[in-house]
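I opened my notebook to go through this one from the whole chain down to a single residue. Come and read along.

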Amino acid sequence: MSIGETACSYAVIILNDDGIPITSEKIATLVKAANVKVESYWPILFAKLAEKRNIEDLVLNVGAGGGGAAPVAAAAPAAGGGGAAPAAAAPAAEEKKKEEPQEESDDDMGFSLFD
């Protein structure tokens with residue numbers, strides 16, 4: 001991520017947090033006030049992003065990672081769609097269990113603390 005992207009990201013978060021409508025001019029003003037030089041297209045791109053996406057959702061879901069499967073699985077039980085919703089949630093829980101690393105005990109290593 002470039003300095004321009006980072007500066008514009010912070011500017012969008014600041015504007016959103018203060019409840020100020022996000023425009024390219026306001027993003028550019030905040031970036032200029034922070035003495036950061038960015039290419040002129042970054043504020044425009046971030047303003048267009050803010051028009052199309054909910055910034056709070058982006059901030060809250062940072063690090064949620066890949067794909068859109070998790071929101072769909074979470075929305076299905078809330079919709080009360082019947083018997084298919086619990087079946088859809090079960091495979092996601094099984095996958096999560098498989099990813100957890102197993103801890104090794106001292107017995108597995110062939111020694112213990114008090115040998």
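Below are my entries on the chain, a pocket and one serine.

**Entry 1, the chain.** I am working with a predicted model. Along the sequence, the pattern reads α-α-α-α-α-α-α. Next I checked burial: of the 115 residues, 16% are buried. The accessible surface came out at about 9,100 Å², with 57% of it belonging to carbon and sulfur atoms. I also looked at contacts with a separation of 6 or more, and 44% of these are between residues 24 or more positions apart.

I turned to the second largest pocket, which holds about 240 Å³ of space. Which elements give two or more residues to its lining? I noted helix 1 (3-18), helix 3 (41-52) and helix 4 (55-60). Helix 1 provides the largest share, five residues. Among the lining residues I wrote down Met1, Tyr10, Phe46, Leu49 and Val59. By class, the lining has nine nonpolar residues, two polar and no charged. Thr6 and Ser9 are also on the lining list.

I found serine 24 in helix 2, which covers residues 24-33. Is serine 24 buried or exposed? Its relative accessible area is 19%, and the cut-off for buried is under 20%, so serine 24 counts as buried. I then asked what serine 24 is in contact with, leaving aside neighbours within four places in sequence. My list for serine 24 reads Pro43, Ile44 and Ala47.

Conventions: Residues numbered from 1 in each chain as written. Predicted model: local features only at pLDDT ≥ 70, side-chain atom pairs only at ≥ 80, totals over all residues. Heavy atoms only, no water. Helix = DSSP H or I, 4+ residues; strand = E, 2+ residues; numbered from the N terminus. Buried < 20%, exposed > 50% of the residue type's maximum accessible area, 1.4 Å probe, protein only. Contact = heavy atoms within 4.5 Å. 1 Å grid on protein atoms, 1.4 Å probe; cavity = no way out; pocket = protein on both sides within 12 Å on 5 of 7 lines; lining within 4 Å. Points joined across faces, edges and corners; volume = space filled by probe spheres on them. Nonpolar A, V, L, I, M, F, W, Y, C, P; charged D, E, K, R; others polar. Areas by Shrake-Rupley, 256 points an atom, 1.4 Å probe, with all protein chains shown as cover.
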